Amino acid sequence: SGRTETVNEARSAAPAPATTAPAASTVDRRNKVAILPFSFTQDGQPAAPQVSEEIQNECYALLSKHAGVYNILSPRGTNVALAKAGINSNNMLNYTMADLCQILGVEYVIEGMVTQNRTSQTNYGNTTYNEKEKDKNKDDKKSSGTSSSYSTSTQNFQTVMDLKIYNDKSDIIYNQNRKAFWNTQDAYKNVLEYLIKRSPLYTK
């Protein structure tokens, strides 16, 4: 009939969105350890993030010197990986420890919590007496003097640390809770050292 028919080729499908990088395999994660920022609560209020990161760094310094076969991730590397994944202290409970191990590419994760509360105050005082020399013309009279006194007070604290180590199956392989013997504000340092030295990741 003279009519022509044109058949257009079907449009190619839209390219599939890029997939995220695959999680590290079990072999890649073997013997690698990440230390999460520590939770620090004082008098029922969360401390500044800098305090949590400071304890995280102290834990890294203690453990990295006695890591043995373990590879301890730097706190900065851990925190950067968490930030890229959109994980922070407010939503971390939405992830299992197995999830965090895969995201961080490690076999073990260390989680710590410090609770500190003000208790009593200790007061210190002292009084001194300075005696003046006798008047040479009035030897029969008692000498006079001056006295001075001062007092200071020190705030005492009760500190408790909870330390846990998880593997990449979310199993707890170490779980310890200890109250500090000392009542100073930095007593958590001694407790941290005590617990880390007794953990299965510490090599003498």
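1. The protein contains 5 helices and 7 strands. Bear in mind that this is a predicted model. Along the sequence, the elements follow the pattern α-β-β-β-α-β-α-α-β-β-β-α.

2. Next, the chain as a whole. The protein has 204 residues, and 29% of them are buried. Its accessible surface is about 14100 Å². Carbon and sulfur atoms account for 47% of that surface. Take the contacts between residues at least 6 apart in sequence: 68% of these join residues at least 24 apart.

3. Now a helix pair. Helix α2 covers residues 49-64, and helix α3 covers residues 75-84. Their axes come within 10 Å and cross at roughly 130°. That angle lies between 115 and 145 degrees, so α2 is oblique to α3.

4. Which residues make the contact between α2 and α3? From α2 come Glu-53, Gln-56, Asn-57 and Tyr-60. From α3 come Pro-75, Thr-78 and Asn-79. By type, the residues of this contact are 2 nonpolar, 4 polar and 1 charged.

5. Look at strand β2, residues 39-42. Phe-40 and Gln-42 form its covered face. Ser-39 and Thr-41 form the uncovered one. In a regular strand, side chains alternate between the two faces of the sheet.

6. Finally, the partner of β2. Strand β3 spans residues 45-46 and runs antiparallel to β2, with 2 bridges joining them. Gln-42, on the covered face of β2, stands opposite Gln-45 in β3. The hairpin of β2 and β3 has 2 residues between the strands. There, Asp-43 takes a positive phi near 55°.

Key: Residues numbered from 1 in each chain as written. Predicted model: local features only at pLDDT ≥ 70, side-chain atom pairs only at ≥ 80, totals over all residues. Heavy atoms only, no water. Axes fitted to C-alpha atoms, helices over the stretch in contact; angles between N-to-C directions. Helix = DSSP H or I, 4+ residues; strand = E, 2+ residues; numbered from the N terminus. Parallel < 35°, antiparallel > 145°, perpendicular 65-115°, else oblique. Contact = heavy atoms within 4.5 Å. Nonpolar A, V, L, I, M, F, W, Y, C, P; charged D, E, K, R; others polar. Buried < 20%, exposed > 50% of the residue type's maximum accessible area, 1.4 Å probe, protein only. Pairing = 2+ DSSP bridges. Areas by Shrake-Rupley, 256 points an atom, 1.4 Å probe, with all protein chains shown as cover.
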